[in-house]
Amino acid sequence: MSEDRRQFQRVHFDGQAKLQWDNHSPVTVQVENLSLKGVLLSGLEGKSTPEAGQQARLEISLSPDALVDMALEIAFVANGRLGASWVEIDIDGMTHLRRLIALNLGDAEQVDEELFEILHREV
């Protein structure tokens, strides 16, 4: 029996993003889902990938005016998929991410509670 250790609500997101690490050229990936603390990416079959523990950058373009740009720490890479947690994200990116998750969950209050938990845990 596996235990789900996720503490934050994840939402499905069907969009592409650019993943970059070290001196590698950016790789186009598919975002499967995301939360206020992490992301699951796919579309890495046959591509060079970072390893667990490495730092990377991810850019998700939500619209021409809305870009979520963040630093990641890779948690795992397996079967063409990659899971990572946010290490750093700017205020505009977090604002866009919060709104996207709230709209998909239909519960802005829950998202605000999760954000409050993140901010107080890291202080």
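Q: Which backbone nitrogen does the side chain of Ser35 reach?
A: In this predicted model, Ser35 is found in the loop between strand 2 (27-34) and strand 3 (38-42). From this loop position, the side chain of Ser35 comes to 3.1 Å from a backbone nitrogen, and that nitrogen belongs to Lys37.

Q: Is Ser35 buried or exposed?
A: A residue is called buried when its relative accessible area is under 20%. The relative accessible area of Ser35 is 2%, so Ser35 is buried.

Q: Does the span of helix 1 agree or disagree with what its 15 residues should give, and what is the distance between its end C-alpha atoms?
A: Helix 1 covers residues 91-105, and at 1.5 Å a residue its 15 residues should span 21 Å. The expected span agrees with the distance between the end C-alpha atoms of the helix, which is 21 Å.

Q: At the start of helix 1, which residue has a side-chain oxygen that reaches the backbone nitrogen of Asp92?
A: The contact at the start of helix 1 brings a side-chain oxygen to within 3.3 Å of the backbone nitrogen of Asp92. The residue that supplies this oxygen is Asp90.

Q: How many bridges join strand 4 to strand 5?
A: Strand 4 (residues 55-63) pairs with strand 1 (residues 11-20) in the antiparallel sense over four bridges, and there Lys18 has Glu59 as its bridge partner in strand 4. Strand 4 is also joined to strand 5 (residues 66-78) by a hairpin of two residues. These two strands run antiparallel, and the number of bridges between them is eight.

Key: Residues numbered from 1 in each chain as written. Predicted model: local features only at pLDDT ≥ 70, side-chain atom pairs only at ≥ 80, totals over all residues. Heavy atoms only, no water. Expected span 1.5 Å × (residues − 1). Polar contact = N/O pair within 3.5 Å; in protein donor to acceptor, adjacent residues only side chain to side chain. Buried < 20%, exposed > 50% of the residue type's maximum accessible area, 1.4 Å probe, protein only. Pairing = 2+ DSSP bridges.
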